Every structure is written in structure tokens, then in C-alpha cells.
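The following paragraphs lead the reader through one protein chain, from its overall architecture to individual residues. Please keep the sequence and the model in view while reading.

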Amino acid sequence: MQNYNRAYLMGIEISDMEVCKDNDLDPRLAGTKEINDVMSDKAYKANVEGLVSTGVSIGKARADSGRVRKQVKEDTQRLLELRGL
């Protein structure tokens with residue numbers, strides 16, 4: 001099975017199935033590019049919650065986390081393209 005998770009694309013030896021298990025994701029995401037979207041959305045939510053817990057307004061937390069999520073998605077797409085996936 002081809003691994004598509006961002007860490008694997010960056011050279012870290014971790015399978016999509018391990019990512020699913022470690023992050024409580026549906027195992028059907030393993031072997032699909034969608035694993036990165038789900039992980040990105042999960043990180044976005046955690047980032048928003050973390051920022052808000054430090055006193056950042058919800059609007060700023062969403063905006064800042066959204067910019068990070070967008071950049072991660074763009075970077076992941078480049079990694080996929082570099083690997084011909």
C-alpha cells in the first residue's frame with residue numbers, strides 16, 4: 001500500500017495505518033491522500049482551541065490557524081507532486 005501521510009512524504013518512516021491508529025482516524029483513510037486533509041483539519045481544531053485557551057480571541061485563533069492549515073496543505077501538495085503522486 002502506498003503511504004500518503006505528510007510525515008512519510010517528508011522522509012519519516014511511518015505508515016498511513018500507524019497515523020490512523022495514533023490519531024484515532026478511520027483506517028479507511030490509510031492509502032489515500034485524504035489522510036492529510038483529515039490530519040490538517042484535526043490540527044486546525046487543536047490549534048484554535050490551544051490559542052483560545054491562552055486568551056486569543058476566537059476570530060484571531062481561527063484566522064491564524066487557518067493560515068497555517070492553508071500553508072500545510074500547499075506544502076503537502078508539493079510533496080505529493082515531487083513524488084509523482
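In what order do the elements of the chain run from the N terminus on? The order is α-α-α-α. The model under discussion is a predicted one, and its secondary structure consists of four helices and zero strands. Along the principal axes, the C-alpha atoms of the chain fill a box of roughly 45 × 25 × 20 Å. The chain has 85 residues, of which 25% are buried. Among contacts with a separation of 6 or more, 42% join residues 24 or more positions apart.

The interior may be considered next. In soluble globular proteins, nonpolar side chains tend to be buried together. Here the largest nonpolar core has eleven residues: Tyr 4, Leu 9, Ile 14, Val 19, Cys 20, Leu 25, Leu 29, Ala 30, Ile 35, Leu 79 and Leu 80. Ile 35 is one of the core residues, and its contacts illustrate how the core is joined to its surroundings. Leaving aside neighbours within four places in sequence, Ile 35 is in contact with Tyr 4, Val 19, Cys 20, Leu 25 and Leu 29, and also with Asn 5 and Asp 16.

The C-alpha atoms of Gln 2 and Asp 16 are separated by 8.4 Å, although the two residues are 14 apart along the chain. When residues up to four places away in sequence are not counted, Gln 2 touches Tyr 8, Asp 16, Gly 31 and Leu 85. Gln 2 is classed as partly exposed because its relative accessible area is 34%.

Which residues line the largest pocket? The lining consists of Asn 5, Arg 6, Ala 7, Val 19, Asn 23, Asn 36, Met 39, Ser 40, Ala 43, Val 72, Lys 73 and Thr 76. About 160 Å³ of space lies in this pocket. Helix 1 (6-9), helix 3 and helix 4 each supply at least two residues of the lining, and the largest share, four residues, comes from helix 3.

Ser 40 is one of the lining residues and is located in helix 3 (residues 34-53). Is Ser 40 buried or exposed? Ser 40 is buried, because its relative accessible area is 8%, under the 20% limit for that class. Apart from residues up to four places away in sequence, Ser 40 touches Arg 69 and Lys 73; Lys 73 also belongs to the pocket lining. Arg 69, for its part, lies over the face of Tyr 44, at 3.9 Å from the ring centre. The count of aromatic pairs, by contrast, comes to zero.

Asp 37 is placed in helix 3 and is partly exposed, with a relative accessible area of 36%. Its C-alpha atom is separated by 9.6 Å from that of Val 72, which is 35 residues away along the chain. Lys 60 is found in helix 4 and is likewise partly exposed, with a relative accessible area of 46%. Between Lys 60 and Val 48, twelve residues apart in sequence, the C-alpha to C-alpha distance is 8.8 Å.

The loop between helix 2 and helix 3 deserves a separate look. Asn 23 is found in this loop and also contributes to the lining of the largest pocket. With a relative accessible area of 22%, Asn 23 is partly exposed. Not counting residues up to four places away in sequence, Asn 23 touches Met 39 and Lys 42. Met 39 is 16 residues from Asn 23 along the chain, and their C-alpha atoms are separated by 8.2 Å.

Asp 24 is placed in the loop between helix 2 and helix 3 as well. Asp 24 is exposed, because its relative accessible area of 72% is over the 50% limit. What is the phi of Asp 24? The phi is positive, about 55°, although Asp 24 is not a glycine. Most residues other than glycine have a negative phi.

Methods: Residues numbered from 1 in each chain as written. Predicted model: local features only at pLDDT ≥ 70, side-chain atom pairs only at ≥ 80, totals over all residues. Heavy atoms only, no water. Buried < 20%, exposed > 50% of the residue type's maximum accessible area, 1.4 Å probe, protein only. Contact = heavy atoms within 4.5 Å. Core = buried A, V, L, I, M, F, W, Y, C linked by side-chain atoms within 4.5 Å. Phe/Tyr/Trp six-rings, centres within 6.5 Å; stacked < 30°, edge-to-face > 60°. Lys NZ or Arg CZ within 6 Å of the ring centre and 35° of its normal. 1 Å grid on protein atoms, 1.4 Å probe; cavity = no way out; pocket = protein on both sides within 12 Å on 5 of 7 lines; lining within 4 Å. Points joined across faces, edges and corners; volume = space filled by probe spheres on them.
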